[in-house]
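Hi,

Here is the structure I promised to send over. Have a look at it first, and then read on for what turned up.

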Amino acid sequence: MKRNYDGCAICNSTWGNVWAEVDGERLFFCCDLCVVQYRGLLERIQRETGWSTIDSIEIAGDRRGRTCDVTSGKARERFLFAFTPEGALLRFQRSVRPSVNSG
Amino acid sequence: MTKCPACLVGFARGDFPALAQHLVGRAEESDSDHVRWLNQNLTRRKTDAPALVAPLRAYFDLGPDSLTRWVKIRFISKFFGKTPHPFVAALQHPTRATLLGYVVEHQHFLRQWVRSCAFIMARTDQPEVIQYELDNLSTEYGGSGPGRPSHYELLLRMGESLGVDRAVVLSTPPLPATRRAVEQWNEMATREHWVAVLTAMHSLELIANRDLVDDGATVHYFDPTILSGEEIPTAAQDFLREGYEADVGHSDRALALASRFAGELDLVEEVQSVFLRSIDLFDDYLIARLERAGQYEA
């Protein structure tokens with residue numbers, strides 16, 4: 001899967017040293033909490049979209065609220081999300097992706 | 001003494017190299033509290049310990065300001081910054097679910113509040129601190145007769161006005177984040193210096209301090225217009241108004257005492273760290289209110 005972050009898969013931090021396999025990929029995380037968050041996020045995206053695979057994920061924002069742009073083939077979606085202190089999804093909703101032509 | 005703001009382990013006063021080494025070491029072990037503190041307060045990019053020393057010193061430096069001012073700036077940055085805390089955002093014009101989330105989790109907070117304040121009173125030798133805590137506990141928990149119910153009683157009445165009986169509220173266990181926060185506040189109260197506990201607990205009353213907008217807060221705790229009209233029940237207005245009117249005095253008086261005694265007793269650095277730990281717990285606890293609110297959403 002293509003990602004925009006070079007650090008932790010959920011928050012882009014380069015602190016920590018956790019490696020976990022998610023959907024067949026070995027990924028870096030800064031802490032176990034972020035592993036829980038990332039797994040929960042991917043599961044929810046797949047449930048919401050019905051996609052069997054996600055080709056790319058681009059995350060932005062911070063702990064107060066994040067967005068992710070995801071693609072599968074030609075399909076694209078944007079979701080808004082935030083987590084509880086235990087890493088469960090507190091908020092998850094579909095959002096409108098801005099048009100590439102919009103000014 | 002200086003302390004780690006993530007776990008409160010102590011180091012010699014001013015020993016920021018040791019604190020930096022500790023933070024880097026615990027982050028290398030992927031401890032989420034330490035990684036979180038570094039991510040949110042210093043940098044998301046891993047560095048070695050020597051490179052963290054100067055940023056740490058700068059972060060803790062009061063500069064020309066008082067401890068009170070430093071505390072307010074940190075508090076505003078965390079809860080009332082460009083993106084206010086999600087619970088603060090939700091409370092601007094709260095739904096029934098948001099208010100019920102507040103009621104169910106906050107009763108646990110207030111029960112711990114009494115214990116934390118009692119520890120301060122048990123440990124201080126300063127009569128004005130004892131008087132302050134007695135006044136505070138009277139407002140928050142004891143009440144002053146039928147005409148002046150406590151904040152705790154007003155909280156339960158708010159729940160009842162929204163259709164949830166107090167027996168249900170009082171028998172509902174806390175969510176994990178609330179439980180963890182309450183446990184750690186209790187541990188803090190039993191272990192830390194009373195000046196640090198005074199600061200750590202009463203700084204939390206800044207959340208409803210309406211004067212924070214004069215110090216840079218982008219919003220109030222809630223939109224004051226909801227205190228009139230029919231947007232929320234009268235019992236909810238009564239509860240929110242109590243905090244709105246009391247917490248300016250509560251937080252400002254406590255921080256004035258904290259600044260004075262932290263200076264006199266040479267405790268500034270440890271007070272700063274205990275405060276920082278407390279506001280991280282408070283951040284999570286406020287999220288728990290929203291999590292609970294989710295259970296009441298239609």
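**Cavities, pocket and interface**

The largest cavity holds about 200 Å³ of space. Before I go on, please keep in mind that this is a predicted model.

So who sits around that cavity? Its lining is made up of 20 residues, and those that lie nearest the centre are B:Tyr102, B:His106, B:His151, B:Ile207 and B:Asp247. If you want to find it by secondary structure, look at chain B: α6 (96–123), α12 (234–264) and α13 (268–296) are the elements that give two or more residues to the lining. By class, the lining of this largest cavity divides into 13 nonpolar, 3 polar and 4 charged residues.

How many cavities of 30 Å³ or more are there? The count comes to 2. Residues of chain B line it, among them B:Phe80, B:Asn209, B:Arg210, B:His220 and B:Tyr244. In the second largest cavity the lining has 9 nonpolar, 2 polar and 1 charged residues.

Next, the largest pocket, with about 580 Å³ of space. Both chains take part here: of its 33 lining residues, A:Leu33, A:Gln37, A:Arg63, B:Arg36 and B:Gln40 lie nearest the centre. From chain A, the elements giving two or more residues to the lining are α1 (32–49), β5 (65–72) and β6 (75–83), and from chain B they are α2 (32–41), α10 (176–191) and α13. Which element gives the most? That is α2 of chain B, with 6 residues. The pocket lining divides into 16 nonpolar, 6 polar and 11 charged residues. Note that α13 of chain B turns up in the lists for both the largest cavity and the largest pocket.

Finally, the interface itself. On the chain A side, 20 residues are in contact with 27 residues of chain B. Together the two chains bury about 2,000 Å² between them, and carbon and sulfur atoms give 56% of that area. There are 14 residue pairs in polar contact between chain A and chain B, counting pairs with both residues at pLDDT 80 or more. By class, the side of chain A that touches chain B has 9 nonpolar, 6 polar and 5 charged residues. The rule also finds 3 salt bridges across the interface. One to look at is A:Arg64 with B:Asp283, where the side chains meet at 3.0 Å, N to O.

Cheers

Conventions: Residues are numbered from 1 along each chain as its sequence is written. Chains are lettered from A and ligands numbered from 1 in the order in which they are written. This is a predicted model: local features need pLDDT of at least 70, side-chain atom pairs count only at pLDDT 80 or more; totals for chains, interfaces and linings use all residues. Side-chain values use heavy atoms; hydrogens and water are left out. Contact means heavy atoms within 4.5 Å. Buried area is the accessible area (1.4 Å probe) that two parts lose on being put together, summed over both. A salt bridge is a side-chain nitrogen of Lys or Arg within 4 Å of a carboxyl oxygen of Asp or Glu. A polar contact is a pair of N or O atoms within 3.5 Å; within protein, one must be able to donate a hydrogen and the other to accept it, and residues adjacent in sequence count only if both atoms are side-chain atoms. Ala, Val, Leu, Ile, Met, Phe, Trp, Tyr, Cys and Pro count as nonpolar, Asp, Glu, Lys and Arg as charged, and the others, Gly among them, as polar. On a 1 Å grid over the protein atoms alone, a cavity is a set of points where a 1.4 Å probe fits but cannot get out, and a pocket is an open set with protein on both sides within 12 Å along at least five of seven lines; lining residues have an atom within 4 Å of a point. Grid points are joined across faces, edges and corners, and a volume is the space filled by probe spheres set on the points. Helices (H or I, at least four residues) and strands (E, at least two) are DSSP runs, numbered from the N terminus.
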